[in-house]
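Dear colleague,

Here is the structure that I wanted to hand over to you, and my notes on it follow below.

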Amino acid sequence: MRNMSNKDVIKMAREGTTTDYNGVFDPEWYLDTYYGSVADQVSGHVTNQASSQSDGVVGNQLQFNLLQFNLEKYHDIFQYGDVKGRRLLDVGTGPSVHSVISACRHVDDVYLTDFAAQNRKVLNDWWKSDKTTIVKVTEYILRKENSSETVAERHKTIKEKVRHVLPIDVTLSDPLGSGCDVNQFDIITSSLCLEAAAQTLDQYRSNAANVSSLLKSGGHFILNGVLEQTWYRIGEAKFSCVKLTRDDIKSTFVSCGFNIQLFDDVKFKSKEDEYSDFHGYFVMHAIKE
């Protein structure tokens, strides 16, 4: 469990939530739920953008919209946004490599990271074997690119560019510690991580500053996450996180020295469902001054 104040611990105990990622985050449930049945829906929707009119849509449909939105925005940013460089750091990869499927064609070296040991094990097992993962998601991106590659070929490309699977703690001023011989990166991607590692807006701002220190001046930060979420579910565990607005996120990165190139979001009136209580999602592309 990351360091928290007594107030945070008491609040989570009252709400039945946790931040014990090493103890109770279930990567198999995560992949089966968010990249299994949800990805089956995504695989059939290549041309339709995630709808901004999402009022009243709940459950799997929301997760489908979120995943499709993120995949399409990442594709567009890397395809049309002149985002390229030697080294890419993916912050909080989790057990899924969806964040680097589009990005891998535009960089030479990829560094995957996660706080939870069990997620790093899933990544290492994938990296050091011939197996593929998130097949439907990969197929979706390949069709978006009009690529003739097979899923196995794209995963082989990613694996050849991966240099390390590293532990990371975004709450520390030196998030990678002594485990990495690279001090700064050309591109940072991060999906649903920084808000999950924070219980307050100040903690979120600190996390953003810590991660931003790993990016070179002129480097690209591609971030996606959710809006106004206070919890989300992985298996039987209910994880607590900070509630963020669009303005919270934009002001945080401006204060960290970024010029925001793109900030796209989708907001809706959502009923709390079995997965989470988020009320929107966003993708941001920013360049460090």
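In what follows, Ala, Val, Leu, Ile, Met, Phe, Trp, Tyr, Cys and Pro count as nonpolar, Asp, Glu, Lys and Arg as charged, and the others, Gly among them, as polar. The model is predicted, so local features need pLDDT of at least 70 and side-chain atom pairs count only at pLDDT 80 or more, while totals for chains, interfaces and linings use all residues. Residues are numbered from 1 along each chain as its sequence is written, and side-chain values use heavy atoms, with hydrogens and water left out.

The lining of the largest pocket divides into 7 nonpolar, 2 polar and 3 charged residues; a pocket here is an open set of points on a 1 Å grid where a 1.4 Å probe fits, with protein on both sides within 12 Å along at least five of seven lines, and lining residues have an atom within 4 Å of a point. Its volume, the space filled by probe spheres set on the points, is about 150 Å³. Helix H5 (117-127) and helix H3 (27-42) each supply at least two residues of this lining, and H5 gives the most, with 4; helices are DSSP runs (H or I, at least four residues) and strands likewise (E, at least two), numbered from the N terminus.

In helix H9 (residues 246-255), Asp248, Ile249, Thr252 and Phe253 are buried, meaning under 20% relative accessible area, with exposed over 50% (1.4 Å probe, protein chains only). Seen down the axis of H9, these buried residues fall within an arc of 115°, so they line one face of the helix, the arc being that of the directions from the helix axis to the C-beta atoms. Asp247 and Ser255 are exposed on the face turned away from the buried side of H9.

Best regards
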